[in-house]
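Let's take a quick walk through this one, starting with the rings and then moving on to the sheet. Keep the viewer open as you read.

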Amino acid sequence: MSKRQLFNVELHPTVGSRFQPTGFPDIGNAVFDRPLGDGHWEAALIVESAQSMANRLEGTAWHDGTDSPVEVFDGLPYIRVMQNGDYITSSRTEAHRLASAFVKDSALNGEKMTAVIRERLKLQDNKPLSYRDIAAAVLALDPFSLLHGVFFAEKATVWPGQPKISRAISGMIEAHDVRRAESGGVKKDMVRHSIGEGQGGSAEGYGSIPFHRTEWTAQSIKAMFAIDVAQIQS
């Protein structure tokens with residue numbers, strides 16, 4: 001049996017032929033050249049990154065309306081952060097999962113969660129990490145963190161060894177042979193037709209404001225998934 005199961009799924013825009021990919025700070029859309037072989041290349045685009053897809057996969061297991069897992073996963077453990085009886089967040093919805101700042105700064109029966117996690121993962125100074133014990137502890141806290149990865153990146157005095165679990169399920173969406181589709185529009189102010197001195201301007205949302213938009217078209221859009229069977233079995 002293969003150590004990995006790979007899936008490639010063809011995707012198509014549901015309306016029209018344009019789509020809008022994930023944007024990244026400072027660089028915008030992630031465009032790259034994809035090798036085709038024989039020295040040829042084509043323009044390609046990251047539509048959804050691995051970290052974004054992990055969040056989307058977890059989103060399929062969470063009910064936003066009730067702030068709780070969907071029924072099929074309702075019996076699995078996870079950390080739920082509450083404040084004065086109100087739901088705040090959880091290890092299922094936080095980007096860093098069990099290592100989320102909201103989880104770290106919370107408490108369980110009066111004990112800070114950083115100490116609880118350190119004890120559960122059996123982290124000690126001057127002792128090698130036991131990844132079997134760590135995996136077993138993470139399984140008991142939130143098994144989704146085993147599937148989508150978690151990095152306990154707190155300073156060594158808090159979490160000695162700073163253990164990291166790689167993703168067992170990875171996914172991404174790429175678009176191949178892409179072209180830009182530039183467009184734009186105007187946010188029209190039907191009340192205030194001109195802005196005078198001392199009046200609120202575009203920063204406050206007044207006035208007619210033109211804007212531009214970059215969308216994309218592609219010859220093909222593919223969702224790709226990899227399941228690390230060996231890691232899950234281990």
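## Rings that meet

Which residues do ring pairs link into a cluster? They are Trp62, Tyr78 and Tyr87. Keep in mind that this is a predicted model.

Searching the whole structure turns up four aromatic pairs. One of them is formed by phenylalanine 152 and tryptophan 159, an edge-to-face pair with 5.3 Å centre to centre and 90° between the planes. Phenylalanine 152 is buried, because its relative accessible area is 0%. Tryptophan 159 counts as buried too, with 0% relative accessibility.

## Charges over rings

For phenylalanine 144, that's the charged end of arginine 92, 3.9 Å from the ring centre. For phenylalanine 151, the charge comes from lysine 164, and here the distance to the ring centre is 5.5 Å.

## The five-stranded sheet

Now for the sheet: it's an open one, built from five strands with antiparallel pairing, and the order reads β1-β15-β14-β5-β4. The edges belong to β1 (4-11) and β4 (31-37); each has a single partner strand, so one side of each is left without a neighbour in the sheet. On average, neighbouring strands here are turned by 45° against each other, direction ignored.

Strands β5 (residues 40-48) and β14 (residues 169-187) run antiparallel and are joined by four bridges. Look for isoleucine 46, which has glutamate 174 of β14 standing opposite. Helix α1 (residues 50-59) packs on the sheet, where it touches β5, β14 and β15 (209-228). The direction of α1 makes about 95° with that of β14.

Glutamate 215 sits in strand β15. Is glutamate 215 buried or exposed? The cut-off for buried is under 20% relative accessible area, and glutamate 215 has 14% relative accessibility, so it counts as buried.

What does the side chain of glutamate 215 make a polar contact with? The partner is the side chain of arginine 18, at 2.9 Å. Leaving out residues up to four places away in sequence, glutamate 215 touches Arg18, Phe19, Arg179, Arg180, Ala181 and Ser183.

## A hairpin to finish

Strands β8 (residues 80-83) and β9 (residues 86-90) run antiparallel, with four bridges joining them. Methionine 82 has tyrosine 87 in β9 as its bridge partner, and Tyr87 also belongs to the ring cluster with Trp62 and Tyr78. The hairpin has two residues between the strands, and asparagine 84 takes a positive phi near 55°.

Definitions and conventions. Residues numbered from 1 in each chain as written. Predicted model: local features only at pLDDT ≥ 70, side-chain atom pairs only at ≥ 80, totals over all residues. Heavy atoms only, no water. Pairing = 2+ DSSP bridges. Axes fitted to C-alpha atoms, helices over the stretch in contact; angles between N-to-C directions. Contact = heavy atoms within 4.5 Å. Buried < 20%, exposed > 50% of the residue type's maximum accessible area, 1.4 Å probe, protein only. Polar contact = N/O pair within 3.5 Å; in protein donor to acceptor, adjacent residues only side chain to side chain. Phe/Tyr/Trp six-rings, centres within 6.5 Å; stacked < 30°, edge-to-face > 60°. Lys NZ or Arg CZ within 6 Å of the ring centre and 35° of its normal.
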